[in-house]
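Subject: A structure for you to look at

Hi there,

I am handing over the structure we talked about, and my notes follow below it. Please have a look at it first and then read on.

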Amino acid sequence: NGIRYNSRMELAKRLARDDRFAMDLSAKYLMMLGINKSPSKAVTAYNLGPAGAKNTDSKSHQYTRDVFAKAKKIKEGFKTIYVARLHTGTHR
């Protein structure tokens, strides 16, 4: 995917220090796992690895459920902020 590094240690350091790089790399990996086809299976495979996810029911996997619950809370928070800004006239 065009990501260049000389060693695993160099990659690990960059992931630890560079949030944007870590998010970009995670997003690319989720795309490779099929996030657009089956979000729950892709998130489970992200956590367990593709082989580990094959024998796991993604809808009952705790990590996957936690990720989607957190995403739902974030989405609701954005809706609340957007609606509040509409009512106060501070939206852009």
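To begin with, how many aromatic pairs does the count come to? The count comes to one aromatic pair, and please keep in mind that the model is predicted. The pair is made by Tyr29 and Tyr46, and it is classed as tilted because the ring centres are 5.8 Å apart and the planes stand at 50°. Tyr29 belongs to helix α2 (residues 19-33) and Tyr46 to helix α3, so the pair ties together parts that are 17 residues apart in sequence.

Are these two tyrosines buried, exposed or in between? Tyr29 has 30% relative accessibility, so it counts as partly exposed. Tyr46 also counts as partly exposed, because its relative accessibility is 33%.

Helix α3 is worth a visit too. It spans residues 39-48, and its buried residues are Ser40, Ala42, Val43, Thr44 and Ala45. Take Ser40, which sits in this helix: it counts as buried because its relative accessibility is 13%, and the cut-off for buried is under 20%. Which residues does Ser40 touch, once its neighbours within four places in sequence are set aside? Its contacts are Ser58, Lys59, Thr64 and Phe68. Just after α3 comes Gly49, with a positive phi of about 90°.

One last item involves another ring: Arg14 lies over the face of Phe21, at 3.8 Å from the ring centre.

Enjoy exploring it, and write back with any questions.

Best wishes

Technical notes. Residues are numbered from 1 along each chain as its sequence is written. This is a predicted model: local features need pLDDT of at least 70, side-chain atom pairs count only at pLDDT 80 or more; totals for chains, interfaces and linings use all residues. Side-chain values use heavy atoms; hydrogens and water are left out. Buried means under 20% relative accessible area, exposed over 50%, partly exposed in between (1.4 Å probe, protein chains only). Helices (H or I, at least four residues) and strands (E, at least two) are DSSP runs, numbered from the N terminus. Contact means heavy atoms within 4.5 Å. Rings of Phe, Tyr and Trp (its six-membered ring) pair if their centres lie within 6.5 Å; planes under 30 degrees apart count as stacked, over 60 as edge-to-face and the rest as tilted. A charge sits over a ring if NZ of Lys or CZ of Arg is within 6 Å of the ring centre and within 35 degrees of the ring normal.
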